Amino acid sequence: MQAIRPGRSCRLGRSCGRDAVSSRCLARLHRSSGSSNGGGGAVRCAKAAAQSMEAVKKDEEARVVALRAVEATPESFAPFGQVIAATPDGDEFGPHDAQLDLTRGIPRVVTLRAVEATPESFAPFGQVVAAYGGKRFGPNDAQLDLSRGVPRFYIMRLEKRPLEFWTITHHASVTQCLGSIGGEDWYLGVAKPSIVEDGAHEQGGDGRKPVQSRAGHYYLPPDPAEVCVFRVSGAKFLKLHIGTWHAGPQFKADAVDFYNLELSNTNIVDHTTHDFKKDDGVTFVIED
């Protein structure tokens, strides 16, 4: 029979460090192992060990602590918050009213004044292409990159696009072109391209970290402070640089038809979107 030693773990997985199993009991166990009539002593020692284990278990149970309730007053509860009760000066906001902070759940509304899209003003984001008398290809024509897929040129009808937005999108594989049919005025929110070539190793100047798009490339999330809005009026269209963030088209009319040049799978595999309301607590309203 294996001896049970004080301070070592027994087969029950608990410590027998207390004197629950005495040296006398251990000696009895040793003697009983070589004696034909020592079984009774072994049984008694086993019972003593079980009782000791039960005592240890009770000692380990949670200690009950009685707490006396204290009346919540503005003074006693001050370290934890406020106690709000009826006051005679309820007509005006004061220190007795709940001092709340609900700003983190309410998006901040940023108003952006639209500026007219011209070749100069829109240059950081793409091109403004208008009618001209050129017969040969030149810098006034849209400088396109449609090499990464099958081009798709189609007319899309958009309805009820009020002058507000909170999501913005970019395409990493195509130079998209947008224009309204009939010269209807429309608006586009934009931010500069922010695709990064070095992947996760590059960071923005304001501490923004790269994010990997579902399309596989890395980009820096757009800064709300860098978003601007352009008005496109008359017979012209916009060509967006690869990676230019854009929100829209938005318009005042009930519905407008647009021609759109992109790739056949742009909206399936190359559609990266940033949610300003969710990630930055900001929504944008266009003022014109």
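What percentage of the 288 residues of the protein chain count as buried? Of these 288 residues, 34% count as buried, where buried means under 20% relative accessible area, exposed means over 50% and partly exposed lies in between (1.4 Å probe, protein chains only). What you have open is a predicted model, in which local features need pLDDT of at least 70 and side-chain atom pairs count only at pLDDT 80 or more, while totals for chains, interfaces and linings use all residues. Residues are numbered from 1 along each chain as its sequence is written, and side-chain values use heavy atoms, with hydrogens and water left out.

Begin with the whole chain in a cartoon view. The protein chain has four helices and 17 strands; these are DSSP runs numbered from the N terminus, with helices being H or I of at least four residues and strands E of at least two. Among contacts (heavy atoms within 4.5 Å) between residues at least 6 apart in sequence, 78% join residues at least 24 apart.

Next, select Phe 122, Trp 186, Leu 238 and Phe 258, which touch the most other members of the largest nonpolar core, a set of 18 residues. Such a core is made of buried Ala, Val, Leu, Ile, Met, Phe, Trp, Tyr and Cys residues joined through side-chain atoms within 4.5 Å. Two or more residues of this core come from each of β4, β8 (186–191), β12 (228–232), β13 (236–240) and β15. If you centre on Leu 238 and leave aside its neighbours within four places in sequence, you will find it in contact with residues including Phe 122, Cys 177, Trp 186 and Val 232. A second, separate core of 17 residues can then be found by selecting Val 110, Tyr 187, Tyr 219 and Val 229, which are among its members.

Now turn to the second largest pocket by selecting Arg 161, Thr 169, Gly 248, Pro 249 and His 271, which lie nearest its centre among the 24 lining residues. On a 1 Å grid over the protein atoms alone, a pocket is an open set of points where a 1.4 Å probe fits, with protein on both sides within 12 Å along at least five of seven lines, and lining residues have an atom within 4 Å of a point. β14 (245–250) is among the strands that each supply at least two lining residues, and β14 gives the most, with five.

Stay on β14 and select Pro 249, which is found in that strand. A cis peptide bond joins Gly 248 and Pro 249, with omega at about 5°. Lys 160, in the loop between β4 and β5, has a positive phi of about 50° although it is not a glycine. Most residues other than glycine have a negative phi, and most peptide bonds are trans. Lys 160 counts as exposed because its relative accessibility is 67%.

Which residues does Ser 194 contact, leaving aside its neighbours within four places in sequence? Select Ser 194 in the loop between β8 and β9 (195–196), and you will find Tyr 219, Leu 220, Gly 243 and Trp 245 in contact with it. Ser 194 counts as buried because its relative accessibility is 11%.

Finish at Lys 277 in helix α4 (residues 276–280), which is partly exposed, with a relative accessible area of 35%. Lys 277 touches Pro 107, Trp 166, Val 282 and Thr 283, not counting residues up to four places away in sequence. Lys 277 and Arg 108 are 169 residues apart in sequence, and their C-alpha atoms are 8.3 Å apart in space.
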